[in-house]
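Me: Could you walk me through how to read a model like this one, one feature at a time?

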Amino acid sequence: MEKQQEYEIKNISKFFAGRSIFITGGTGFLGKILIEKCLRSCPDIKEIFILMRPKKNITIDDRLKKLFTLPIFNKLKEMNPSAFEKVIVVKGDVSEKDLGLDSIDKQILIDNVSIIFHIAANVKFNDSLRNAIFTNLRSARDICLLGEKMKKLVALVHISSTYAHCDKSCVEETTYPAEIDWRQTIEITENVDDHILTILTSKYIGTLPNTYIFSKKLAENVISDFSTRLPCVIVRPSIVISTMDEPIPGWVDNFNGPGGLMVGGGKGILKILYADPDKELDYIPADIVIKSFIISAYIRGQMSVTQNPKVEVYNVSSYKIKKISINEMVRMSLKINTINPLENPIWYPHLSITVCYMYYYICVIIFQVFPALILDQILKFSGRKPMLLKLQRKIYVANISLSYFMMNYWQFYNDNLMSALSRLSAEDKRDFNFNYSQFNLYEFLQTSLKGGKQYLLHEDEEKIDENLRKLNRLWWIDKITKTCSFIFFLWILLKMVL
């Protein structure tokens, strides 16, 4: 990164002026925020091409219109409503060969695009190897092949993950040599049938925990190999959570990360967590991640491939900045829930954490599965659809899938990112700087809970007093039930002894 330290980062907005960008994954959580940020903070951008696949009974144009109705675009609508005209949707699918692009759209991208943000990925941990390879690995190759034909290309930003190298305890901002050939992996996946591929999966991915990590790790090798011919950047966010400030505080559109824990615990559905309570998780707000995407594209665009043929890597992590243990996060979340509770919890919120799998499994059966069975029967008799047992199954599978990441420890060095931030000009600091080290975690969790209630659960913030009364009633029911259960088991024990 020595070359980066020779100049000040300034005029980021002007760098994007008159340029066209291409975004994959534009309908995802990060993609939406990137589109909004580029249109708002880089108003002179020429156009944004978004790769999008049509869904059943809805066209890509209708999907785009629906996308712009989201609350995160409200600020942009007030500031510059005409900005949305710069967004052009392109029919395609990253899981298909050549990104599913037709020849006409492909040529339009080749002739116009200067900057690529490749965000699209399949993040399912338990997905098949074939789907993971096609979506996460082959798409990276096809993006690079497309980029080679773009004469105006100044930056190709590939979004990876700090956990792509979770087989290492310390992950530096560099690429790591491949243990498996990515070309051969794509060829095998394209030609071997599903049955054989399923049998080979556990052996093929080796010590890596799942197909997602395996495919994302190999995708970095693709970018590294093409970096001698393309202006490549790899950005590795850690665990992305709701927005801190921009465009609105607390915005989120999924139940991943602490938001899911807060909702599950606050609703009384999640009672026990299989994790190390002292494990410090590496959380990064989504708007910080998006700013790092834009800054990295700017830096890469200042140098040609001949000047710097090496791929630049940025770990967007909270290393030595701000961390919180799982236990502390749960404690804060439960405390916040007593002040601003969720609507209609099924039981009084309480969440225990354990590293003992057997204890966890027993508690899941007693405190989550059995109550779900009883409540499902009540729903069935009342003419409503049973759903809680199915939900508990999903929670259990998710917890087991995530347990690897909630039990082990990593350090994600972020020197390149911090260096870039230190060189931002005074003008660019207004739109692209962030001071993560000084923000209040408790207040942020409060904002995240409000965001979860508003944007995920669509709950009414005006019902706080009513929710508090219901929560207080559940507290008494919980205490009475536990007291009666203790007396009952004590009576059984005494009867057996006497």
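Me: What does Cys356 count as, going by its relative accessibility?

Reply: Start with the classes: buried means under 20% relative accessible area, exposed means over 50%, and partly exposed is in between, with a 1.4 Å probe and protein chains only. Cys356 has 38% relative accessibility, so it counts as partly exposed. Keep in mind that this is a predicted model, where local features need pLDDT of at least 70 and side-chain atom pairs count only at pLDDT 80 or more, while totals for chains, interfaces and linings use all residues. Residues are numbered from 1 along each chain as its sequence is written, and side-chain values use heavy atoms, leaving out hydrogens and water.

Me: How many disulfides does a search of the whole structure find?

Reply: The test is a pair of cysteine sulfur atoms within 2.5 Å. By that test, the search finds zero disulfides. Cys356 is in none, as the nearest cysteine sulfur, in Cys363, is 9.2 Å away. For Cys42, the closest cysteine sulfur belongs to Cys38 at 5.6 Å, which is too far for a bond. Cys42 counts as buried because its relative accessibility is 0%.

Me: How do I check the length of helix H18?

Reply: Helices (H or I, at least four residues) and strands (E, at least two) are DSSP runs, numbered from the N terminus. The expected span of a helix is 1.5 Å times one less than its number of residues. H18 (residues 464–497) has 34 residues and should therefore span 50 Å; its end C-alpha atoms are 49 Å apart, which agrees. Asn467, Leu471, Leu474 and Asp478 are buried in H18. Helices H12 (326–339) and H17 (441–456) are among what covers the buried residues of H18, where contact means heavy atoms within 4.5 Å.

Me: And where does H6 bend?

Reply: A bend at a residue is the angle between axes fitted to the seven residues ending there and the seven starting there. In H6 the bend is about 35°, at Arg138. The end C-alpha atoms of H6 (residues 129–148) are 27 Å apart, in agreement with the 28 Å that its 20 residues should span. H6 is also mostly covered, with 17 of its 20 residues buried.

Me: What should I look for in the backbone angles?

Reply: Most residues other than glycine have a negative phi, and most peptide bonds are trans. Here Asp98 has a positive phi, near 55°, and sits in the loop between strand E3 (87–91) and helix H5 (103–112). With a relative accessible area of 36%, Asp98 is partly exposed. The phi of His458 is positive too, near 55°; His458 lies in the loop between H17 and H18 and is exposed, at 63% relative accessible area. For the peptide bonds, look at Glu246 and Pro247, which are joined by a cis bond with omega about -15°. Pro247 is in the loop between strand E8 (239–241) and helix H10 (257–266).

Me: What does the chain come to in helices and strands, and how does its radius of gyration compare with the globule rule?

Reply: There are 18 helices and 15 strands. The radius of gyration, taken over C-alpha atoms, is set against a rule of 2.2 Å times the number of residues to the power 0.38. The chain has a radius of 24 Å, close to the 23 Å from the rule for 498 residues, so it is as compact as a globular protein of that length. Buried residues make up 52% of the chain.
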